[in-house]
There are 2 protein chains.
Amino acid sequence: MPQSRPYHHGDLRAALLAGAERTLRERGSAALSLRELARDTGVSHAAPGRHFKDKQALLDALALSGYERLNQALAAADLPDATLEPRMTALARAYVTFAVANPELLELMYSRKHAPDIGTELAAAAELSLGSFVTLVADAQRRGEIVPGDPETVTLTAAAGVHGLAALATNGSLRPEAVLTGLEHHIHLMLYGLKPR
Amino acid sequence: MPQSRPYHHGDLRAALLAGAERTLRERGSAALSLRELARDTGVSHAAPGRHFKDKQALLDALALSGYERLNQALAAADLPDATLEPRMTALARAYVTFAVANPELLELMYSRKHAPDIGTELAAAAELSLGSFVTLVADAQRRGEIVPGDPETVTLTAAAGVHGLAALATNGSLRPEAVLTGLEHHIHLMLYGLKPR
DNA sequence: CATCATTGTTGTCGACGCCTACATTGGCGT
DNA sequence: ACGCCAATGTAGGCGTCGACAACAATGATG
């Protein structure tokens, strides 16, 4: 039942992305081989070239899809009407959860090596992720729940804290569950500061 | 003056590490090729194999040397007698400065793919970096300058903030100089929190 | 129904990582 | 002083990879 596939695959591009993400998750981005990917997908070794001009283009596409899913997760987790602390906690939980579930993908998304052209597209997607936190900060400032000042700066401090937590959770410095269960506490510390009141 | 080198290089291992780091800095870890490195160093393509069992071993050695220099920089920048805020600022500045000066190296150090055996050595070096912040927090708690509670947890929040800043500074989300000049402000926000007092 | 852009295949090239067999060297024990 | 040997470097080869070019099948469009 080798059931010879039709000459045209139908949706090879999506199949390649799916297979590539599987390998990425299981063995890391360095282990990704276009030829192996083609074999696993049942096409010739040059077929991927029709959909991705080179290996970097495939990685860029993976990163972009990662940002889309991350942004979706952040949007779904947002609590636009909640006050600062629960809202920040919800967003942070979504971010860290994504990071823990897709560590290699997140590493790829943050990796510094992307073509300059797709770079703009990726930068836009990345900015969108930050956007969730920007509006959170802006809303909170409007309600006086948060220190005044340049929203960008304040957002940056918050985003850095969340991203740093995710990074430490995914690179083995920290047990991921510990980060997730202790998240409320961490967010509380972030919001109220390390100095005693 | 091709001055044929003596058969034995003298310190090939160090020369390889230096050359590798140069390539890492200029073209990223993916562009690192053992054969090219051997050519640039003027030895045969198999010579590196005498000092690094495979490519990953070379990368591990690079990461380890990175941790050593980072720890040295942190130790040199520490102000053991200063109060919390200036001390934290000094450490954070050293960390972010290192990150901005060695972005690819830091990415390699944080990358998730290291052999399990060297992994222990790397983990120890990484823990040493965190150590600077741990003692900072412990000292501050002793003086009552900081919230009480599990020092690990408190340290984690602080370290995550600093590392997150460094990550955002190196991956292009942020202009590195902006992070460095705004560091005092960010640290202040971290210590005093985002909520108004 | 002819045409042709799209998509997949085959074949090839140079470079790479890694392995094995061999050559040179310098240090160590006698 | 000298012979042995571990350490270090060399030469060659194997299988795989990414990229490219030339060719084949397909199906949409007129």
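Among contacts in chain A between residues at least 6 apart in sequence, 66% join residues at least 24 apart. The model discussed here is predicted.

Biologist: How many helices and strands does the secondary structure of chain A come to?

Modeller: From the N terminus on, the elements of chain A run α-α-α-α-α-α-α-α-α-α. The C-alpha atoms of this chain fill a box of roughly 70 × 35 × 30 Å along the principal axes. The count for chain A is 10 helices and 0 strands.

Biologist: What percentage of the residues in chain A is buried?

Modeller: A residue counts as buried if 20 or more other C-beta atoms lie within 10 Å of its own. Chain A has 197 residues, and the buried share of them is 36%.

Biologist: Which element gives the most residues to the side of chain A that touches chain B?

Modeller: The contact takes 39 residues from chain A and 38 residues from chain B. On the side of chain A, the elements that give two or more residues are helix 6 (103–110), helix 8 (151–170) and helix 10. With 13 residues, the element of chain A that gives the most is helix 8.

Biologist: How many nonpolar, polar and charged residues does that side of chain A have?

Modeller: Ala, Val, Leu, Ile, Met, Phe, Trp, Tyr, Cys and Pro count as nonpolar, and Asp, Glu, Lys and Arg as charged. By class, the side of chain A that touches chain B has 20 nonpolar, 14 polar and 5 charged residues.

Biologist: Is the crossing of helix 10 of chain A and helix 7 of chain B left-handed or right-handed?

Modeller: The axes of helix 10 (residues 183–192) of chain A and helix 7 (residues 151–170) of chain B come within 10 Å and cross at roughly 60°. That angle makes helix 10 of chain A oblique to helix 7 of chain B. Chain A contributes A:His185, A:His186, A:Leu189 and A:Met190 to this contact, and chain B contributes B:Thr153, B:Val154 and B:Thr157. The crossing of the two helices is right-handed.

Biologist: Leaving aside its neighbours within four places in sequence, which residues is A:Tyr95 in contact with?

Modeller: The largest nonpolar core has 100 residues, and A:Tyr95 is among those that touch the most other members. Leaving aside neighbours within four places in sequence, the contacts of A:Tyr95 are A:Leu74, A:Val162 and A:Ala166.

Biologist: Is B:His45 buried or partly exposed?

Modeller: B:His45 lies in the loop between helix 2 (34–41) and helix 3 (55–77) of chain B. Beyond its neighbours within four places in sequence, B:His45 is in contact with B:Arg35 and B:Ala38. Because 13 other C-beta atoms lie within 10 Å, B:His45 is partly exposed.

Note on methods. Residues are numbered from 1 along each chain as its sequence is written. Chains are lettered from A and ligands numbered from 1 in the order in which they are written. This is a predicted model: local features need pLDDT of at least 70, side-chain atom pairs count only at pLDDT 80 or more; totals for chains, interfaces and linings use all residues. Axes are lines fitted to C-alpha atoms, for helices over the stretch in contact, and angles run from 0 to 180 degrees between N-to-C directions. Helices (H or I, at least four residues) and strands (E, at least two) are DSSP runs, numbered from the N terminus. Angles under 35 degrees count as roughly parallel, over 145 as roughly antiparallel, 65 to 115 as roughly perpendicular and the rest as oblique. A crossing is left-handed if the near helix is turned anticlockwise from the far one by less than a right angle, and right-handed if clockwise. Two residues are in contact if their C-beta atoms, placed from the backbone, lie within 7 Å. A nonpolar core is a set of buried Ala, Val, Leu, Ile, Met, Phe, Trp, Tyr and Cys residues joined through C-beta atoms within 7 Å. A residue is buried if 20 or more other C-beta atoms lie within 10 Å of its own, exposed if 12 or fewer, and partly exposed in between; C-beta atoms are placed from the backbone.
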